[in-house]
Amino acid sequence: KPKKTKIKYKNNQIENINLFIEQIKKWNGLDLIAKSTVKDIWYFHINEALSIEFLLRDIKVPVIDFGAGSGIIAYTLNALNIPVECVERNSSKMLFIQKIGNLKCCDKIQYPKYIAIVRGVDKIVKLLSLLKNADELILFKQVEYHDEINKALKMFNFNYNVYEREVPGSIIHIFNIKKIK
């Protein structure tokens, strides 16, 4: 089981993240992030990215922030030298990610194998079916996940670890994914 470590920032990393946060606030008419989280972006968004950093060390495949929204997860991880690309179908959000965040973003996954980060509310079975070429999934779940895991295990074989979050909910790391034939 990977161990969490204290992250050491360089001054320009924090400054750059804060500048990006200001742009998110400025452009949030595009619904980049939930209005209820705008007042404390560090707590609701930056800490989310930091909470999975330990899972993404020494990776060998691309990491995709799927349904990236503002791109804040990818932006924060890139600031820590963990390369993450974005997939976002909303063209306004995609343009924000590309032009303001200066991140690679497209409307579909372009790799045969990858690790997907998903912060949405979709059911685990749906995500495993949709992201069928993913080597691993890192899911932020705000709701009870046990029933979802049990349903998914009827269609897929996989291993998983669950980690606590600072905000309510869990991080579920799914790996060794194989569809049951």
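View 1. A disulfide is taken as a pair of cysteine sulfur atoms within 2.5 Å. With 17% relative accessibility, Cys106 counts as buried (buried: under 20% relative accessible area; exposed: over 50%; partly exposed: in between; 1.4 Å probe, protein chains only). In this predicted model, local features need pLDDT of at least 70 and side-chain atom pairs count only at pLDDT 80 or more, whereas totals for chains, interfaces and linings use all residues. Residues are numbered from 1 along each chain as its sequence is written, and side-chain values use heavy atoms, with hydrogens and water left out.

**View 2. Cys105 and Cys86.** The closest cysteine sulfur to that of Cys105 belongs to Cys86, at 5.0 Å, too far for a bond. Cys105 is buried, at 7% relative accessibility. Zero disulfides are found in a search of the whole structure.

**View 3. The open sheet of seven strands.** The strand order is S3-S2-S1-S4-S5-S7-S6, with mixed pairing. Strands S3 (105–106) and S6 (156–164) stand at the edges with a single partner strand each, so one side of each lacks a neighbour in the sheet. Strands are DSSP runs (E, at least two residues), as are helices (H or I, at least four), numbered from the N terminus; two strands pair if DSSP finds at least two bridges between them.

**View 4. Pairing of S5 with S7.** Strand S5 (residues 134–141) pairs with strand S7 (residues 170–179) in the antiparallel sense, over six bridges. Lys141 stands opposite Ser170 in S7.
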